[in-house]
Amino acid sequence: MESFGETRPNTDNYNDAENGQLIQKQKKSTPVPDGIKIIDCRPIFRRFGIRNLPFHYVWFVTDVCGIVCAVLTWLLILYSQYVVMFIMLLPNPSMTYTTFHATIFFFFSFLAASSHLRTMFSDPGAIPKGNATRENILRLGLKEGQVVYKCPKCISIKPERAHHCSVCQRCIRKMDHHCPWVNNCVGENNQKYFVLFTFYICFISIYSLYLSINHFVTCLGREWKGCSGASPPATTVFLIFLIFEGLLFGIFTAIMCATQLSSICTDETAIEQLKKEQATWERKSKWLSIKAVFGHPFSWRWFSPFDQPKFVYPHSYMYSV
């Protein structure tokens, strides 16, 4: 990480007489190639006659491992849908039982899938590449002695609490970590959707465990007569895999969700905790930190992956030129 605004030996510098600050003259360098693609969705929406666009651009990380993990996530959700619907619920003679549980399971599965897609295709808070020019630094209006850092890989001005992602090859504001399961970084702009994703996946995992165990006990009591949409051996295999999936991802997402909420409440990202960085920013209260992620004021929109939160934190560390 390089810095502007302080002198170093054997370095050419610019002197800004108006602001009384010293700015280093940097050698010309080229940013590393992007690990992401920005897809313009406007032509696609216009082709279908949609004028009021819900979003204009899609952020897509081109990491092969992340793409495989994301597709695997969708397949696991679809598998749970198939087993719950066609193996357990539809063969049940009680229409009330089927409708009630199918509505709950599919509703939260839809929210989980939507949260995953929103996390995956949202810009997590990337800093513009190549903006670390003398003109842009002067425009920041820095005080004498104030230091601004430059990322040597992005060639960009690096705000406080921003970190460089080696997968996306971009600096991300308040980067928490890069998650292959959503094929994206978790940062300032999409942390809400990631928390919702882990919460809803945890919920449907626990719910599928309940349905699986209840169905297995019911079938044993009926001696497998008319209780399943498949043969007893096939039903047993389906249920075992679903129970294993529910246990594995239920525990995993519960831990991830709790970790994220703890990180939000302490106003410290996972990277900052791992590196044991000294807090140079003013820590917010727990309630203000939560609103900084989910929006202000509190409402049902906190639980919606379709709502863009209205942030309440100061923008002093969010500058990008």
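This is a predicted model: local features need pLDDT of at least 70, side-chain atom pairs count only at pLDDT 80 or more; totals for chains, interfaces and linings use all residues.
**Stop 1: two crossing helices**

Select residues 64–89 for α2 and residues 232–265 for α6. Their axes come within 10 Å and cross at roughly 135°. Two packed helices are described by the angle between their axes and the distance between the axes. Now check the handedness: α2 passes α6 in a left-handed crossing.

**Stop 2: the contact between them**

Show side chains. On the α2 side, pick L76, I77, Y79, S80, Y82, V83, V84, I87 and M88. They meet T235, V237, F238, L239, F241, L242, E245 and F249 in α6. What kinds of residues make up this contact of α2 with α6? They divide into 14 nonpolar, two polar and one charged.

**Stop 3: along α5**

Next, select residues 191–221, helix α5. This helix has 31 residues. From its first C-alpha to its last, α5 reaches 45 Å, close to the 45 Å expected at 1.5 Å a residue. Step just past the end of α5 to E223. Here E223 takes a positive phi of about 60°.

**Stop 4: an aromatic pair**

How many aromatic pairs does a search of the whole structure find? The search finds 18. Select one of them, F108 and F203. This pair is tilted, with 4.2 Å centre to centre and 40° between the planes. Where do the two residues sit? F108 is in helix α3 (residues 95–121), and F203 is in helix α5. The pair links distant parts of the chain, 95 residues apart.

Methods:
Residues are numbered from 1 along each chain as its sequence is written. Side-chain values use heavy atoms; hydrogens and water are left out. Helices (H or I, at least four residues) and strands (E, at least two) are DSSP runs, numbered from the N terminus. The expected span of a helix is 1.5 Å times one less than its number of residues. Axes are lines fitted to C-alpha atoms, for helices over the stretch in contact, and angles run from 0 to 180 degrees between N-to-C directions. A crossing is left-handed if the near helix is turned anticlockwise from the far one by less than a right angle, and right-handed if clockwise. Contact means heavy atoms within 4.5 Å. Ala, Val, Leu, Ile, Met, Phe, Trp, Tyr, Cys and Pro count as nonpolar, Asp, Glu, Lys and Arg as charged, and the others, Gly among them, as polar. Rings of Phe, Tyr and Trp (its six-membered ring) pair if their centres lie within 6.5 Å; planes under 30 degrees apart count as stacked, over 60 as edge-to-face and the rest as tilted.
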